[in-house]
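Please walk through the fold below, moving from the sheet to the helix and then to individual side chains.

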Amino acid sequence: MDILYDDKYHLHLGYYENNFDYESIAFKRQSEDIWDIFFDFNGYGIKNIIPKNELTFEPFGTRIFSIYNKEIDYDIGVQQFKQLLSINKII
């Protein structure tokens, strides 16, 4: 199944602390209240730690997680992004 995204809605989620500058991007699915968050590991020169069969959305990278809600909360998105970076020892 192809996932279609609403091109009117996207949000940049960034981590800019401790001399790091990482950004992911969230896209809203057209037919569902789900936001998929993508991170371009290659663009940052980081080894992709996500399974190879995970969704990739060029040029934005690999889906790293999803938020199941009609609206996305920036702070929650950033917190989850920071947690993923930390757990995987990227930060």
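The model is predicted, so local features need pLDDT of at least 70 and side-chain atom pairs count only at pLDDT 80 or more, while totals for chains, interfaces and linings use all residues. Residues are numbered from 1 along each chain as its sequence is written, and side-chain values use heavy atoms, with hydrogens and water left out.

An open sheet of 5 strands has the order β1-β2-β3-β5-β4 with antiparallel pairing; strands (E, at least two residues) and helices (H or I, at least four) are DSSP runs numbered from the N terminus, and two strands pair if DSSP finds at least two bridges between them. The edges are formed by β1 and β4 (56-57), each of which pairs on one side only. Helix α1 (residues 74-87) packs on this sheet and touches β1, β2, β3 and β5 (61-67), contact meaning heavy atoms within 4.5 Å. Within the sheet, 4 bridges join β2 (residues 22-29) to the antiparallel β3 (residues 35-39), and Ile-25 stands opposite Phe-38 in β3.

Tyr-15, Phe-20, Tyr-22, Phe-39, Phe-41, Tyr-44 and Phe-81 form one aromatic cluster, where rings of Phe, Tyr and Trp (its six-membered ring) pair if their centres lie within 6.5 Å, with planes under 30 degrees apart counted as stacked, over 60 as edge-to-face and the rest as tilted. Phe-39 and Phe-41 are both buried, that is, under 20% relative accessible area, as against exposed at over 50% and partly exposed in between (1.4 Å probe, protein chains only).

Asp-6 lies in strand β1 (residues 5-15) and touches Lys-28, Arg-29 and Gln-30, not counting residues up to four places away in sequence.

Key
Axes fitted to C-alpha atoms, helices over the stretch in contact; angles between N-to-C directions.
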